[in-house]
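Visitor: I would like to learn how to read charge pairs and a nonpolar core from a set of coordinates. Where shall we begin?

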Amino acid sequence: QVQLVESGGGLVQPGGSLTLTCLAPGIAFSSYNMAWYRQAQGKERELVALFTVGGGGSTNYADSVKGRFTISRDNAANTVYLQMNNLKPEDTAMYYCNAKRPWQRHDFWGQGTQVTVSS
């Protein structure tokens, strides 16, 4: 069973920045869409950012993070990143990495990394 490994979370003040990292060992990484989700306490998990592999690759973002977050990937290192700038208290959540091939139903998740934005 593939286990994705997230890191980089922590406590940051409003307006600050963090970079999350997700390592995806043991998969043909370049064939997977990679995404970051988050789940705040008492809320449903939501898609934050997606990096697809089709058509040369494209990125999509939740409206709430557009212009502040950037998803990127390094296929040689089986790694996806989430650069988060100008963080707000409402960004506080557990952030999860997800890997899924477009033509397959199953996907892989990490255990999450906590991001807390507070003064």
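Guide: Begin with one pair. This is a predicted model. The side chains of Lys66 and Asp63 meet in a salt bridge, with 3.1 Å from N to O.

Visitor: Is Asp63 buried or exposed?

Guide: Asp63 counts as exposed, because its relative accessibility is 64% and the cut-off for exposed is over 50%.

Visitor: What is the general idea behind such pairs?

Guide: Side chains of opposite charge can pair when their charged atoms come close. How many salt bridges does the structure hold? There are 4.

Visitor: Which residue forms a salt bridge with Arg68?

Guide: Asp91 does, and the closest N and O atoms are 2.7 Å apart. Asp91 sits in the loop between E8 and E9, and Arg68 in the loop between strand E6 (58-61) and E7, so this pair ties together parts 23 residues apart in sequence.

Visitor: Why does Arg68 count as buried?

Guide: Arg68 counts as buried because its relative accessibility is 8%, and buried means under 20%. Salt bridges with shared partners join Arg68 into one network with Arg38, Glu46 and Asp91.

Visitor: How far apart are the closest N and O atoms of Asp91 and Arg38?

Guide: They are 2.9 Å apart, in a salt bridge. This pair links distant parts of the chain: Arg38 is in strand E4, Asp91 is in the loop between E8 and E9, and 53 residues separate them.

Visitor: Are Asp91 and Arg38 buried or exposed?

Guide: Asp91 has 0% relative accessibility, so Asp91 counts as buried. Arg38 has 5% and also counts as buried.

Visitor: Now the nonpolar side chains. What should I expect?

Guide: In soluble globular proteins, nonpolar side chains tend to be buried together. Here the largest nonpolar core has 30 residues. Trp36, Leu82, Met84 and Tyr95 have the most contacts inside it.

Visitor: Which elements give two or more residues to this core?

Guide: They are strands E3 (18-23), E4 (33-39), E5 (46-52), E7 (69-74), E8 (79-84), E9 (93-100) and E11 (113-117). E9 gives the most, with 4 residues.

Visitor: Take Met84. What does Met84 touch?

Guide: Leaving out residues up to four places away in sequence, Met84 touches Gly16, Ser17, Leu18, Leu20, Arg68, Phe69, Tyr95 and Val115. Arg68 is on that list, and Arg68 also pairs with Asp91.

Methods: Residues numbered from 1 in each chain as written. Predicted model: local features only at pLDDT ≥ 70, side-chain atom pairs only at ≥ 80, totals over all residues. Heavy atoms only, no water. Core = buried A, V, L, I, M, F, W, Y, C linked by side-chain atoms within 4.5 Å. Buried < 20%, exposed > 50% of the residue type's maximum accessible area, 1.4 Å probe, protein only. Contact = heavy atoms within 4.5 Å.
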